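Dear colleague,

Please find below the structure that I am handing over to you. My notes on its contents follow directly after it.

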Amino acid sequence: MLASQRQARIVEEIRRGGGVRVSDLTDLLGVSDMTVRRDLEVLARAGVLHKVHGGAVLANSRRTDEPGFAVKSALQQPAKEAIAARAAELITPGTAIALSAGTTTWTLARHITAIPELTVVTNSTTVADILEAQAPRAGFTVILTGGVRTPSAALVGPVADQSIASLHVDQLFIGMHGMDAIAGLTTPNLAEAQTNRALIGSAREVVVLADSTKWGIVGLADFGPLSTADVLITDNGLPPAAHDILAESVGELIVVDAPADHPAVGDRT
């Protein structure tokens with residue numbers, strides 16, 4: 001099992017029970033005590049959990065929590081790279097696309113700078129920074145929506161919503177805080193949920209980018225059911241039951257491998 005898969009399983013166990021013991025994780029994962037403690041340290045530094053004597057507890061389970069961009073960008077990096085690389089293959093040169101705010105879409109931005117003649121709409125300051133630096137060489141146009149900035153570097157609110165509502169794009173690539181069979185696609189920020197709805201309404205095709213640890217997480221506000229996704233790209237850490245639910249709910253499910261050192265392209269399922 002890869003480190004990213006172990007860490008995703010640890011987070012899943014902690015969210016299920018509120019806490020977990022190191023000894024239980026070594027039995028569950030079939031790894032050494034030292035490996036488990038190293039994984040807990042990585043997750044603790046990322047702000048996901050708090051280490052306690054003999055184990056760990058969830059850092060905070062409030063549905064209104066919105067981790068900062070720096071914290072989120074440190075999590076599930078191999079999975080995000082693999083998802084972003086696969087998503088970039090879906091983009092046709094010369095089209096108009098939109099990228100929502102988020103660390104996976106930020107990763108995607110680094111994969112599309114070689115695709116020529118794109119028009120890219122985004123409500124993410126971090127995505128715009130990457131794209132604008134490359135725009136003259138790649139020959140594409142970057143449209144930043146404006147709005148009020150959230151901790152996750154998203155521009156939201158009436159200014160963003162009105163700007164987006166006047167635009168039409170071929171594809172939207174969108175991330176989320178969590179996805180759930182009942183709650184659907186969610187975020188802890190009410191204004192961001194409304195801006196995400198505006199982005200979805202502007203797109204002919206919605207491509208959802210979600211690493212497997214997002215499954216079962218429910219934020220304060222939803223911005224659409226799972227069926228909103230024409231395509232959903234995730235990684236192979238997804239639990240089998242979740243895979244079945246997503247395969248039935250979305251237009252197309254793409255699962256990628258998430259190796260430790262470099263992304264690999266997965267198969268369509």
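**Cavity and helix contacts**

Twelve residues, written 12 in the count, line the largest cavity, and Ser4, Gln5, Ala79, Ser212 and Asp235 lie nearest its centre. A cavity here is a set of points on a 1 Å grid over the protein atoms alone where a 1.4 Å probe fits but cannot get out, and lining residues have an atom within 4 Å of a point. The structure holds 1 cavity of 30 Å³ or more, and the largest has about 60 Å³ of space, volume being the space filled by probe spheres set on the grid points, which are joined across faces, edges and corners. Helix α1 (residues 3-17) gives the largest share of this lining, 3 residues; helices are DSSP runs (H or I, at least four residues) numbered from the N terminus.

This is a predicted model, in which local features need pLDDT of at least 70 and side-chain atom pairs count only at pLDDT 80 or more, while totals for chains, interfaces and linings use all residues. Residues are numbered from 1 along each chain as its sequence is written, and side-chain values use heavy atoms, without hydrogens and water.

Two helix pairs may be of interest. Helix α8 (residues 158-165) packs against helix α9 (residues 190-202) at about 5°, with axes 9 Å apart; axes are lines fitted to C-alpha atoms over the stretch in contact, and angles run from 0 to 180 degrees between N-to-C directions. The pair is therefore roughly parallel (angles under 35 degrees). In contact (heavy atoms within 4.5 Å) are Ala160, Asp161 and Ile164 of α8 with Gln194, Thr195, Ala198, Leu199 and Ser202 of α9.

Helix α2 (residues 22-29) and helix α3 (residues 33-45) pack at about 110°, their axes 9 Å apart, and α2 is therefore roughly perpendicular to α3 (65 to 115 degrees). Val22, Leu25 and Thr26 in α2 meet Asp33, Val36, Arg37 and Leu40 in α3.

Mean pLDDT (the predictor's confidence in each residue, from 0 to 100) is 85 for the protein, and 86% of residues reach 70 or more. Over residues 260-269 the pLDDT is below 50.

Methods:
On a 1 Å grid over the protein atoms alone, a cavity is a set of points where a 1.4 Å probe fits but cannot get out, and a pocket is an open set with protein on both sides within 12 Å along at least five of seven lines; lining residues have an atom within 4 Å of a point. Angles under 35 degrees count as roughly parallel, over 145 as roughly antiparallel, 65 to 115 as roughly perpendicular and the rest as oblique.
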